[in-house]
2 protein chains.
Amino acid sequence: MSKIKETSTNFANKQALADECPEAYAANIIGGQWALVICSWLFNGKLRFGELRKLLPNITERMLTLQLRKLEEHKIVKRTVYAEVPPRVEYELTAIGYELKPIIKQLEEWGAKHKAQNIN
Amino acid sequence: MSKIKETSTNFANKQALADECPEAYAANIIGGQWALVICSWLFNGKLRFGELRKLLPNITERMLTLQLRKLEEHKIVKRTVYAEVPPRVEYELTAIGYELKPIIKQLEEWGAKHKAQNIN
DNA sequence: TAAGGTACTATAAAAAATGTAAGTAATGAG
DNA sequence: CTCATTACTTACATTTTTTATAGTACCTTA
């Protein structure tokens with residue numbers, strides 16, 4: 001992913017915030033550029049790497065990999081590799097990942113409402 | 001805030017995502033390092049700049065300003081300046097900003113649960 | 001005259017996130 | 001042998017976000 005500098009002020013601040021504020025902790029986990037959208041697609045069921053890539057037309061393979069790895073690391077998604085050639089890898093939400101569904105749905109509703117309000 | 005390069009791929013991607021996915025749109029608005037926590041404090045009522053700064057011990061004045069400006073720009077918070085000396089500026093949530101409360105609360109609950117689960 | 005308090009701004013630098021382009025392994029099809 | 005397929009990885013470049021540090025204007029009080 002690129003290593004985070006554990007000596008940086010930024011790292012210390014994130015740590016401290018995440019310790020005290022579960023909402024900041026959560027934001028760190030699902031806060032990537034594509035994380036929420038990836039989760040949204042996965043709410044409908046498991047998907048292969050290539051399927052996700054097609055669903056997210058502008059994402060690069062690198063970013064897709066990075067985001068999936070981060071999500072996996074935080075136990076939001078489960079990765080299953082099938083020993084085939086060409087390879088097949090499937091991603092699906094874990095139980096705790098799936099629990100994001102109502103939250104993301106509400107966030108969608110809020111976003112849609114906000115967007116409608118701020119059209120000039 | 002620093003200008004965003006409207007010619008960058010990153011900008012284009014964010015735009016496209018925000019257009020299609022209200023949840024990505026929302027994440028762009030409340031996605032800064034401190035935004036959620038600022039909102040959390042403001043759910044309890046209006047606060048002055050200096051009060052917020054004290055509540056967020058590690059934030060720099062610059063970051064606080066930037067985040068508040070962004071929130072203000074998106075109509076999440078309302079800024080009121082009193083023509084006094086020394087100056088007094090109060091921040092409070094708008095109606096749509098206040099509507100984030102249940103969402104952030106759920107995110108907090110999710111975060112707390114996730115954190116508890118992932119203690120080794 | 002000087003100091004103090006408040007809410008900032010300016011500038012630079014560091015760190016983090018994202019994007020670009022190329023390459024890899026394994027195997028089956030032709 | 002060569003090519004295609006899939007899910008990556010790597011090295012590097014660019015962009016965005018965050019931090020650091022030092023100011024500013026204003027009026028009041030001492």
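Five elements each supply at least two residues of the surface near DNA strand D: helix 1 (9-20), helix 4 (49-55), helix 5 and strand 3 of chain A, together with helix 5 (61-73) of chain B. Helices (H or I, at least four residues) and strands (E, at least two) are DSSP runs, numbered from the N terminus. "Near" requires a heavy atom within 4 Å.

This is a predicted model, in which local features need pLDDT of at least 70, side-chain atom pairs count only at pLDDT 80 or more, and totals for chains, interfaces and linings use all residues. Residues are numbered from 1 along each chain as its sequence is written, chains are lettered from A and ligands numbered from 1 in the order written, and side-chain values use heavy atoms, without hydrogens and water.

**DNA surface**

Helix 5 of chain A gives the largest share, 4 residues. By class, the surface has 9 nonpolar, 10 polar and 9 charged residues. A:Thr9, A:Asn13, A:Glu61, A:Arg79 and B:Arg62 come nearest among the 28 residues around DNA strand D.

The table lists polar contacts (pairs of N or O atoms within 3.5 Å).

| Side chain | Atom of DNA strand D | Distance |
|---|---|---|
| A:Thr9 | phosphate oxygen | 2.5 Å |
| A:Asn10 | sugar or linking oxygen | 3.1 Å |
| A:Arg79 | phosphate oxygen | 2.4 Å |

**Sheet**

Chain A has an open sheet of 3 strands, order 1-3-2, with antiparallel pairing. Pairing takes at least two DSSP bridges. Strand 1 (47-48) and strand 2 (77-82) are the edges. Strand 2 joins strand 3 (residues 88-93) through 6 bridges. A:Tyr82 stands opposite A:Arg88.

Definitions and conventions. A polar contact is a pair of N or O atoms within 3.5 Å; within protein, one must be able to donate a hydrogen and the other to accept it, and residues adjacent in sequence count only if both atoms are side-chain atoms. Ala, Val, Leu, Ile, Met, Phe, Trp, Tyr, Cys and Pro count as nonpolar, Asp, Glu, Lys and Arg as charged, and the others, Gly among them, as polar.
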